[in-house]
Amino acid sequence: MGVDLAEVSRVRHLLNRDPSRFRERCFTDHEWEYAHRFKDPSERLAARFAGKEAVMKSLGVGWRHVPWKDIEITGGGQPRVRLFRKAAKRAEMLGVERVLVTITHTGDQALVMALSLGG
Ligand SMILES: CC(C)(COP(=O)(O)OP(=O)(O)OC[C@H]1O[C@@H](n2cnc3c(N)ncnc32)[C@H](O)[C@@H]1OP(=O)(O)O)[C@@H](O)C(=O)NCCC(=O)NCCS
C-alpha cells in the first residue's frame with residue numbers, strides 16, 4: 001500500500017513558473033489533457049502528483065528510481081493506473097499484476113491511496 005498528500009498551492013506555483021518543463025518532467029499527455037478540462041488544472045495535477053508518489057510507495061520505491069512519467073493516473077470516472085518502463089519492470093519483479101488507486105481533492109490538498117496486488 002502507499003499514500004500521499006499534495007498541496008495544491010505548491011503544484012499551482014510549479015505550474016505557473018514553468019508549465020512546459022513541469023509537464024515534460026511529470027505528466028503524461030492524458031494526465032495533462034484531463035487536468036486542463038477544468039478551469040484550474042492544479043487540483044487534478046496535484047492529485048496525479050500525489051498518486052504517482054502513492055504508487056511508488058506501494059511498489060517500495062521512490063522518485064529517484066522511477067521517473068514520474070512511468071506512472072500514469074487516468075482521469076474521467078474511476079481512476080486507473082498505467083505503468084510504463086521502469087515502473088512496469090518493478091511491478092513485474094514484485095509479481096504485481098494490478099495497481100488500484102483512490103483519489104480525493106479539495107482546493108487545498110489532494111490525497112491518494114494506492115494498492116499493488118499480486119496474482
Ligand atoms: C465519484 C464521487 C463520489 C467523487 O466524490 P467528490 O466528493 O465529488 O470528489 P472527490 O474529490 O472526493 O473525488 C474526486 C475523485 O473521485 C474519483 N472518481 C470519480 N468517479 C469515480 C468512480 N465512479 N469510482 C471511483 N472513483 C471515482 C476521481 O479520481 C476523482 O478525481 P479526478 O477527477 O482527479 O480523477 C462523486 O463525484 C460522485 O458521486 N459522482 C457521481 C458519478 C456518477 O454517478 N456519475 C454518473 C454518470 S457515469
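These legends describe close-up views of a predicted model. Local features need pLDDT of at least 70, side-chain atom pairs count only at pLDDT 80 or more, and totals for chains, interfaces and linings use all residues. Residues are numbered from 1 along each chain as its sequence is written, and side-chain values use heavy atoms, without hydrogens and water.

**View A. Helix α1 crosses helix α4.** The axes of α1 (residues 8-17) and α4 (residues 42-58) come within 9 Å and cross at roughly 105°. That makes α1 roughly perpendicular to α4 (65 to 115 degrees). Axes are lines fitted to C-alpha atoms over the stretch in contact, with angles from 0 to 180 degrees between N-to-C directions. Helices are DSSP runs of H or I, at least four residues; strands are runs of E, at least two.

**View B. Residues where α1 meets α4.** V8, V11, R12 and L15 in α1 meet S42, E43, L45 and A46 in α4 (heavy atoms within 4.5 Å). By class, this contact has five nonpolar, one polar and two charged residues.

View C. A side-chain N or O atom of Y34 is 2.4 Å from a ligand oxygen. For a polar side-chain atom of H105, the distance to a ligand oxygen is 2.8 Å. A backbone N or O atom of I103 lies 3.4 Å from a ligand oxygen.

**View D. The shell around the ligand.** Y34, R44, R48, G77, Q78, P79, I103, T104 and H105 surround the ligand (a heavy atom within 4 Å). Strand β4 gives the most, with three residues. The shell has three nonpolar, four polar and two charged residues.

Conventions: Parallel < 35°, antiparallel > 145°, perpendicular 65-115°, else oblique. Nonpolar A, V, L, I, M, F, W, Y, C, P; charged D, E, K, R; others polar. Polar contact = N/O pair within 3.5 Å; in protein donor to acceptor, adjacent residues only side chain to side chain.
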